[in-house]
Amino acid sequence: MDKYIDLINQTFDFPTEEFHVEDDQMIFNGIPLMEIIKEYGTPLKLTYLPKISSQIQKAKKLFRESMEKLNYQGKYTYAYCTKSSHFSFVLEEALKNDIHIETSSGYDIPIIRALYEKGKLRKDTYVICNGYKREAYRRNIADLLNDGFYNCTPILDNLDEIDYYKEHVNQKCRLGIRVASDEEPKFEFYTSRLGIRYNDVVDLYLNKIKDDAKFELKMLHYFINSGIKDTSYYWSELSRFVHKYCELKKVCPELDSIDIGGGFPIKTSIQFEYNYRYMIEEILRTIQRICKEEGVPEPNIFTEFGIFTVGESGANIYSILDLKLQNDKELWYMIDGSFITNLPDSWALSQRYILLAINHLRKEYQRIQIGGLTCDSQDYYNSEIHSFQVFLPKITKQEPEPLYIGFFHTGAYQESLSGYGGIKHCLIPAPKHVIIDRDETGNLKSWLFAEEQSSESMLKILGYK
């Protein structure tokens, strides 16, 4: 019977840029995963910092080359969407690449100040403040502006938000307006709850911004929840948005930028097909064409890539604790962790990740189910390119070395959604978190960012201590 390594080679274009096999063990971005496992144990979350920088540089290079090819006259600015991962090591790595920041919460602003105090960002860094803003968020934005962060740009999400800045901001202030895009037809509602209705955008500018010398409307912003995809829905929404920009530009000369949000996908399977260059060029062509038709200069372009920035830097590694044959044909591999608590998107959104065995690669393979440790029937994973089937090396309970498996490209959102450091379903602890980087000579180095969550910390949160 074929071995697991044969299945990978036959099914996928393997090896890939980031995965290959050495000494019958899986290597991820040059990281010998078995060495990491032997040093730190499992369950384990790891973050490979250089991948964050390489993703940023990839996007910046593609936009630069595409703009040169099409003679696009506007500039491109890369912003990182902090809600994808707020960890200090993520922000600090991203900011090494001359990027800017997009926020969504009042609690983002203290992070901005902490990064400034450490010399990681400057007062001229763009801080694009999105989201519906309660008092604390608006106050923190106003304080940031009054302290000289002159490129801090509140993106107005409702018609009354500007009234607060009129009263509390005493510096010249850039503004943006987010338009409420129509959602993809599969949504249960038609228009996004976020942003200003298309019909209200121009009136908001004319009635509350135009005659106030303190404010400059510089940016029109939109976001497509389903991401940047080559679909009629995406191109229709983009065209509608650019037409609105042109309409607003004709009455607002200082308007010069659009923010097309985030939405670049990441690899969720080794068989990943997405032409980033094609999509960028088509976005630029669409904007160029409409601006030419409307007689409006091409705008500067901002993007807010979150998942694209940090997603592919992460991996979750588990060992197989036990094998359970529950009927004649369904064999369960039980992991030393939980999908509900460690990878909540796999449970809540049926999100797929790249799943690979790390060792025992030359054993025969078999179809299995993977189960987590909680008592919830939904704590399982069975999704791969093989249409809701998972194949892994065939092992027994008597193996001298456990089978280790990895879920890759898990770097965005999972800790935030599962409540990092908090109480999780069935009190399953958060796994230890290891950071991996390279030194000046390219050699790997790793360190422990956080130990596995302890029972003492849980007792304190729950009020027992």
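**Around N130**

Reply: Let's start with N130, which touches E102, T103, S104, Y137, I155, R178, H221 and E304, leaving aside residues up to four places away in sequence. Keep in mind that this is a predicted model.

Me: Is N130 buried or exposed, and what is its relative accessible area?

Reply: N130 sits in the loop between β7 (127-129) and α6 (135-146). Buried means under 20% relative accessible area. N130 falls under that cut-off, so it counts as buried, with a relative accessible area of 2%.

**Helices with a buried face**

Me: Let's go to helix α1 (residues 4-11). Why do its buried residues line one face of the helix?

Reply: The buried residues in α1 are Y4, I5, L7 and I8. Looking down the axis of α1, they line one face because they fall within an arc of 160 degrees.

Me: And which strands do those buried residues of α1 pack against?

Reply: Recall that Y4, I5, L7 and I8 are the buried residues of this helix. Their packing partners are β1 (19-22), β2 (25-28), β15 (354-357), β16 (365-371) and β18 (390-393).

Me: Now α5. Within what arc do its buried residues fall?

Reply: Helix α5 covers residues 108-117, and D108, I109, I112 and L115 are buried in it. An α-helix has 3.6 residues a turn, so residues three or four places apart point the same way. Seen down the axis of α5, the buried residues line one face of the helix, since they fall within an arc of 115 degrees.

Me: What covers the buried residues of α5?

Reply: Those residues are D108, I109, I112 and L115. Their cover includes α4 (88-95), β6 (100-103), β7 and α6.

Me: Which residue with a positive phi follows α5?

Reply: The helix runs over residues 108-117. After α5 comes a residue whose phi is positive, near 75 degrees, and that is G119.

Me: How do α8 and α9 run relative to each other?

Reply: Two packed helices are described by the angle between their axes and the distance between the axes. For α8 (residues 198-209) and α9 (residues 232-249), the axes come within 10 Å and cross at roughly 20 degrees. Angles under 35 degrees count as roughly parallel. That makes α8, relative to α9, roughly parallel.

Me: How many residues of the contact of α8 with α9 are charged?

Reply: From α8 the contact uses Y198, V201, V202 and Y205, and from α9 it uses E237, R240, F241, K244, E247 and L248. The residues divide into 6 nonpolar and no polar, and the charged ones number 4.

Me: What about α3 and α10: how are they oriented to each other?

Reply: Helix α3 (residues 49-70) packs on helix α10 (residues 276-294) with the axes 9 Å apart, at an angle of about 45 degrees. The crossing of α3 past α10 is right-handed. With that angle, the two helices α3 and α10 are therefore oblique.

Me: How many nonpolar residues are in the contact of α3 with α10?

Reply: On the α3 side we have K58, K61, L62, F63, E65, S66, M67, K69 and L70, which meet Y276, R277, I280, E281, L284, R285 and Q288 in α10. Apart from 2 polar and 7 charged residues, the contact has nonpolar ones numbering 7.

Me: Which residue does a cis peptide bond join to P15?

Reply: Most residues other than glycine have a negative phi, and most peptide bonds are trans. P15 is in the loop between α1 and β1. The cis bond there has an omega of about 0 degrees, and the partner of P15 is F14.

Me: What is omega for the cis peptide bond that joins T42 and P43?

Reply: P43 is found in the loop between α2 (33-40) and β4 (44-48). For the cis bond from T42 to P43, omega is about -5 degrees.

Me: Is S350 buried or exposed?

Reply: S350 is in the loop between α13 (344-348) and β15. Its phi is positive, about 55 degrees, although S350 is not a glycine. The cut-off for exposed is over 50%. At a relative accessible area of 58%, S350 is therefore exposed.

Notes:
Residues are numbered from 1 along each chain as its sequence is written. This is a predicted model: local features need pLDDT of at least 70, side-chain atom pairs count only at pLDDT 80 or more; totals for chains, interfaces and linings use all residues. Side-chain values use heavy atoms; hydrogens and water are left out. Buried means under 20% relative accessible area, exposed over 50%, partly exposed in between (1.4 Å probe, protein chains only). Helices (H or I, at least four residues) and strands (E, at least two) are DSSP runs, numbered from the N terminus. The arc is that of the directions from the helix axis to the C-beta atoms. Contact means heavy atoms within 4.5 Å. Axes are lines fitted to C-alpha atoms, for helices over the stretch in contact, and angles run from 0 to 180 degrees between N-to-C directions. Angles under 35 degrees count as roughly parallel, over 145 as roughly antiparallel, 65 to 115 as roughly perpendicular and the rest as oblique. Ala, Val, Leu, Ile, Met, Phe, Trp, Tyr, Cys and Pro count as nonpolar, Asp, Glu, Lys and Arg as charged, and the others, Gly among them, as polar. A crossing is left-handed if the near helix is turned anticlockwise from the far one by less than a right angle, and right-handed if clockwise.
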